[in-house]
Amino acid sequence: MADTVLYEVNDGLATIVLNRPEAMNALNVVTKEALRDAARAAAEDSAVRAILLTAAGEQAFCVGQDLKEHVGLLAADQKDGSGGTMSTVREHYNPILRALAEAPKPVVAAVNGVAAGAGFGFALAADYRIVADTASFNTSFAGVALTADSGISWTLPRVIGAGRAMDVLLFPRKLRAQEALELGIANRVVPGAELRAEAEAVARKLAEGPTLAYAALKESVAFGQSHSLSEALEKEDELQTRAGSSGDHVEAVRAFVEKRAPKFEGR
């Protein structure tokens, strides 16, 4: 894996770090491929029970596409007529978003600075977002004559509503941390110096929790957003039956009766 993305697993927690602080963690091809591979590895590894996504440096979480590289790729497209540059949505962004959003385990994003374009999309793919008080969000797409990608057309309206989503897509602007909190983009805002420790504590707590129940919660909420009440109730029945047969549920009930804290094993 390229050193533009760092990846490690420790006691059930996979930590993915975008590592191009000198370029504000912009996404060149190498970085997108490495992030895709890391996100897939974390999602598919049964030993991983939670994922923490963050970035190196204090200035940026991720400013999206590396436009310095992008302009050269566009020029090459025009020269050979291939039009292959925009295949990055299919080859990189879509797999990254699916891996994070559909991972059968909780994903925490620690947003340390600017999250723009695809960087915003990656943050929205997480289940829980902890944001530095100096961070900000920007859709950016319309500003460079592009439409939404990195899942934003799906995630953003679900987080802030369709009307507000169209507002920030049509008129890109900086959404500072406090506004992001008010809109529901941020779940928690903390001082920048405390971000990493706070995010690691939250992610670690989730990694020690009932992983199968968390996976079912993610699945049920995603299902309920696009199905009828009757269908959602049937899905709840299906998922609750599955969760009720897990070892973690048995352990939780025993712990309650015995008046002690449960020890979950993620199975």
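Student: At what angle do the axes of helix α1 and helix α3 cross?

Tutor: The axes of α1 (residues 29-44) and α3 (residues 88-101) cross at roughly 30° and come within 8 Å. This is a predicted model, in which local features need pLDDT of at least 70 and side-chain atom pairs count only at pLDDT 80 or more, while totals for chains, interfaces and linings use all residues. Residues are numbered from 1 along each chain as its sequence is written, and side-chain values use heavy atoms, with hydrogens and water left out. Helices (H or I, at least four residues) and strands (E, at least two) are DSSP runs, numbered from the N terminus. Axes are lines fitted to C-alpha atoms, for helices over the stretch in contact, and angles run from 0 to 180 degrees between N-to-C directions.

Student: Why are α1 and α3 called roughly parallel to each other?

Tutor: Angles under 35 degrees count as roughly parallel, over 145 as roughly antiparallel, 65 to 115 as roughly perpendicular and the rest as oblique. The α1 and α3 axes cross at roughly 30°, and the two helices are therefore roughly parallel.

Student: What makes α4 and α5 oblique to each other?

Tutor: Helix α4 (residues 118-125) and helix α5 (residues 152-160) pack at an angle of about 60°, with axes 10 Å apart. By that angle, α4 and α5 are therefore oblique.

Student: How do you know that D66 and R20 form a salt bridge?

Tutor: A salt bridge requires a side-chain nitrogen of Lys or Arg within 4 Å of a carboxyl oxygen of Asp or Glu. The closest N and O atoms of D66 and R20 are 3.0 Å apart, so the pair meets the rule. D66 lies in the loop between β4 and α2 and R20 in the loop between β2 and α1, so the pair ties together parts 46 residues apart in sequence.

Student: Why is D66 called buried?

Tutor: Buried means under 20% relative accessible area, exposed over 50%, and partly exposed in between (1.4 Å probe, protein chains only). D66 has 10%, and therefore counts as buried.

Student: What makes E258 partly exposed?

Tutor: Its relative accessible area is 48%, so E258 is partly exposed. E258 also meets R260 in a salt bridge (2.6 Å, N to O).
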